Amino acid sequence: MASAPEDPVLERYFKGHKAAVTSVSFSPNGKQLATASWDTFLMLWNLKPQARAYRYVGHKDVVTSVQFAPQGNLLASASRDRTVRLWIPDKKGKSSEFKAHTAPVRSVDFSSDGQYLVTASEDKSIKVWNMHRQRFLYSLYRHTHWVRCAKFSPDGRLIVSCSEDKTVKIWDTTNKQCINNFSDSVGFANFVDFNPNGTCIASAGSDHTVKIWDIRVNKLLQHYQVHNCGVNCVSFHPSGNYLITASSDGTLKILDLLEGRLIYTLQGHTGPVFTVSFSKGGEMFASGGADAQVLLWKTNFDELHSKDLNKRNLKRLHFDSQPHLLDIYPRTPHPHEGKVETVETTDTIDRTQPDKNGEDISAYFMNPSLVQPGSSPAVRKKTEDVSDLSDSQRSVPLAVTDALEHIMEQLNVLTQTVSILEQRLTLTEDKLKDCLENQQKIFGAIHQKS
C-alpha cells in the first residue's frame, strides 16, 4: 500500500561502501552527500540521478565521522588512525592531515561560521582547531574516559561533549572551562547535539534512551524509551520540532518534540543503524548502518502540518533569546527530581533483536562480524500515549562529594596547565617555522649575490 503524502518516503539508496557506514553529512546546498565507513574510505555522492560518486582514499583505518563545512568548500573527517583530515570536495579529493590526538578520533564538527573545528577522541580529550590557519588551538580535558562526540552550539559560544565516563559536559569556548555537567548512573551517551536555537541538547544513550535537556535551567525535559537497543545518533529537524534517532535495533524513529511522542518507525536497514542526518532545509534525511548502505529519505511529514503547528505552538518555537552563560548553573552534577515525560513503545513486528549483554556500538566499531540480520524496508506510523516516569537518583554523602569536587578542581588545574603548554608548543613551532623560512630566504639571497 502506498504511503500517505505526509509520510516519509525512501527515495533511493546508495551502494559503494564495502563495510558499515558510520557517518553521513549533506552539503549546505543539498546537492551532495558525504559518507564515512569502516572500509577506510569517504564517498561523495551527487544526488542528481545517474551522477558520478567519488571515493576519497587517505585514512588508514575506520573513518568514524564526516562533516561538510558550512560554506560547502571543505569536508572534515575523523578516523581510528588517530588523524583528522580536511578534504576539498571535488573529483580530485585532495586532503591535508592533522595530527594531535594520541588515540582514535571519534567525531568532527565545524562551528556555524566555519572558522573552527572541534574533534573528540578516545585519548579523553576534545581539541579545537583554527580552520583559517589550519592549526591546533587548544584542548579541553575533564572527561575520564573515551570522548565519543563533541558539537558546537549554533552561536559557537559553547561545546557539548559526551563520554563513556557517563557524563555530558558543556564547555565555554571563551574561557575554555567546563561550565556544566550532566551525569547518568545507567548508561553513557553515544552522541549529543544542540537543537537549532541552542537552548537544548539531545543525547543518544547506550541504555536505549533519548534525552532532551534544557541547558538554561538544567532540567531534563523529555525522556524517550522507544528503542530496543542502544541509540547511536540523533538529528534535529531545522524547525526544532522533530528529532530523528538511529539505533542498533535496526530502526530509525521520528519524535514529535512539541507533542512529546513517537510518530514514525522506519525500517529500511538490515542490522544496526549508526548514523542519521537531516539536510540543511529539512526536506530530506539520510541514514547509514552496518549493512553498508546509505538510504536517502524524503521527509514529507513536516510539510502538511507545519502551518498548523506554527500557529498552535507560536509561543513554543524559537523566540527565546540564546542561553546566557550565567544561566547555565550549577557547574556540579545535579539530580533531576520530580517527573519527566516518557514515551514507551512495544513493537510486535519481528526485527533486529537487542543484544542480551547490553553490548553498545563500540563493539561494532571493533568487529564488523557482530552485524545482525534485520528487517525489510517499511514505514510504520505510531501514536503513543505519554506516561510519567520518576528519574531515580542515588544519594552521595556530602563528605565524598566535597572530596570529589576538590579532586576535580586539582585535575582542572593540571589540565589547564597541559593546555597552556600545548598552546606554547604550537606557538614555538610556528616561530621555529618562521625562523627556518627566514633563514632559507637569507641563504637564497647570499647564494644569488655570490
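**View 1. Valine 105 and its position opposite serine 121 of strand S11 in the predicted model.** Valine 105 faces serine 121 in S11. Strands S10 and S11 (residues 116–121) run antiparallel and are joined by five bridges; two strands are taken to pair if DSSP finds at least two bridges between them. Strands (E, at least two residues) and helices (H or I, at least four) are DSSP runs, numbered from the N terminus. The model is predicted, so that local features need pLDDT of at least 70 and side-chain atom pairs count only at pLDDT 80 or more, whereas totals for chains, interfaces and linings use all residues. Residues are numbered from 1 along each chain as its sequence is written, and side-chain values use heavy atoms, with hydrogens and water left out.

**View 2. The open sheet of four strands.** The strand order is S10-S11-S12-S13, with antiparallel pairing. Strands S10 (105–110) and S13 (135–141) stand at the edges with a single partner strand each, so one side of each lacks a neighbour in the sheet. On average, neighbouring strands of this sheet are turned by 20° against each other, direction ignored; the axes are lines fitted to C-alpha atoms.

View 3. Valine 160 is buried, with a relative accessible area of 0% (buried, under 20%; exposed, over 50%; partly exposed, in between; 1.4 Å probe, protein chains only). Leaving aside residues up to four places away in sequence, valine 160 touches, among others, Cys149, Val168, Ile170, Val192, Phe194 and Ile201, where contact means heavy atoms within 4.5 Å. Asparagine 180 is 20 residues from valine 160 along the chain, and their C-alpha atoms are separated by 9.4 Å.

**View 4. A nonpolar surface patch that includes leucine 411.** Val400, Leu404, Ile407, Leu411 and Leu414 make a patch of about 430 Å². Accessible areas come from the Shrake-Rupley method with a 1.4 Å probe. Leucine 411 lies in helix H4 (residues 398–449) and, at 37% relative accessibility, counts as partly exposed.

Key
Axes fitted to C-alpha atoms, helices over the stretch in contact; angles between N-to-C directions. Patch = residues over 30% accessible without salt bridge, like charges linked within 9 Å, V, L, I, M, F, W, Y side chains within 5 Å. Salt bridge = Lys/Arg side-chain N within 4 Å of Asp/Glu carboxyl O.
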